[in-house]
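I opened this structure to look up its salt bridges. My notes follow the model below.

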Amino acid sequence: MKEIKFIIIENKALTDSVYRLRLGGDTSAITAPGQFVNIKLDGKFLRRPISVCDRSGSMLTLIYKTVGTGTEQLSTMKKGEQLDILTGLGNGYDLKPSGDRPLLIGGGVGVPPLFALADDLLQKGCKVTAILGFNTADEIFYADEFRMLGADVFITTVDGSAGIKGFVTDAMKALDYTYFYACGPEPMLKAVYRTSKTEGQLSFEKRMGCGFGACMGCSCRTVTGWKRICKEGPVLRKEEILWEN
Ligand SMILES: Cc1cc2nc3c(=O)[nH]c(=O)nc-3n(C[C@H](O)[C@H](O)[C@H](O)COP(=O)(O)OP(=O)(O)OC[C@H]3O[C@@H](n4cnc5c(N)ncnc54)[C@H](O)[C@@H]3O)c2cc1C
Ligand code: FES
């Protein structure tokens, strides 16, 4: 983990409520796709965790949705302003068990961490398929970016305004894959877990305190004991997950 001052290069709206933040600074502590950073905001006691969407050289890309005061404040920040960020947090996805045809499944702001993962898996020589799920067509972001990387992309929308009508699990059923990687809201993760035909890894977005393993505020029970989502997670393997309800 490193505490780094990043300069905002771009803070651009991709949809009505989703923004892409491009930052310049030291990204060397980020070692795996699926890791996250924790952003300090003026006047806020707790930092706000956001997944790494992409990292190349000294450029860090994050995608966030405005849901409350912290992310609203972030959306007003301008090019040239500075952010204090803890980087290289969490375990990230493990590419080793992917097989040659991994399936990536993202819902809403669970899509961004799958972008760097798709890139890494494609570079490893895998044939990557991604299912990106949204509520409506106007919420869709990054589908073209995944296609430009070389992934096969399926879109699902709950209202049927684009792609397959329904949930990500409706698209999963017809596909053949060697392993899966998922990120999204917990009800989606639970449905993916139940629908999946192979082993896989799921990334959880739990409310966090410190974000680096000190407060135990994000602990959850797994088959192999208690784990801190910020430290031993946010990615858990399918076989270690214990659903609480
Ligand atoms: C490991 C991790 C990675 C994340 N990656 C992303 C990402 O890439 N893009 C993105 O948009 N968001 C991501 N989140 C969620 C993001 O951290 C929260 O949306 C953000 O902290 C909300 O801050 P706020 O001040 O705007 O909202 P608040 O005013 O704090 O809360 C507003 C609403 O958002 C909910 N909320 C707040 N924090 C979380 C959280 N951690 N998880 C789920 N719901 C929350 C609250 O329950 C409330 O309903 C991630 C969270 C975690 C733990
Ligand atoms: S948020 Fe403090 S231990 Fe995870």
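I began with Lys-127, which forms a salt bridge with Asp-152 (a salt bridge is a side-chain nitrogen of Lys or Arg within 4 Å of a carboxyl oxygen of Asp or Glu); their closest N and O atoms are 2.7 Å apart. Lys-127 sits in the loop between α2 (112–123) and β9 (129–134) and Asp-152 in strand β10 (residues 152–157), so this pair ties together parts 25 residues apart in sequence. Helices (H or I, at least four residues) and strands (E, at least two) are DSSP runs, numbered from the N terminus.

I noted that the model is predicted: local features need pLDDT of at least 70, side-chain atom pairs count only at pLDDT 80 or more, and totals for chains, interfaces and linings use all residues. Residues are numbered from 1 along each chain as its sequence is written, chains are lettered from A and ligands numbered from 1 in the order written, and side-chain values use heavy atoms, without hydrogens and water.

Next I checked accessibility. Lys-127 is partly exposed, at 44% relative accessible area (buried is under 20%, exposed over 50%, partly exposed in between, with a 1.4 Å probe and protein chains only). Asp-152 is partly exposed too, at 35%.

I then looked up Asp-176. It forms a salt bridge with Arg-101, with the closest N and O atoms 3.1 Å apart. Asp-176 is exposed at 63%, while Arg-101 is partly exposed at 31%.

Asp-26 pairs with Lys-2 at 3.2 Å.

Glu-3, Lys-5, Arg-47 and Asp-84 are linked in a network of them.
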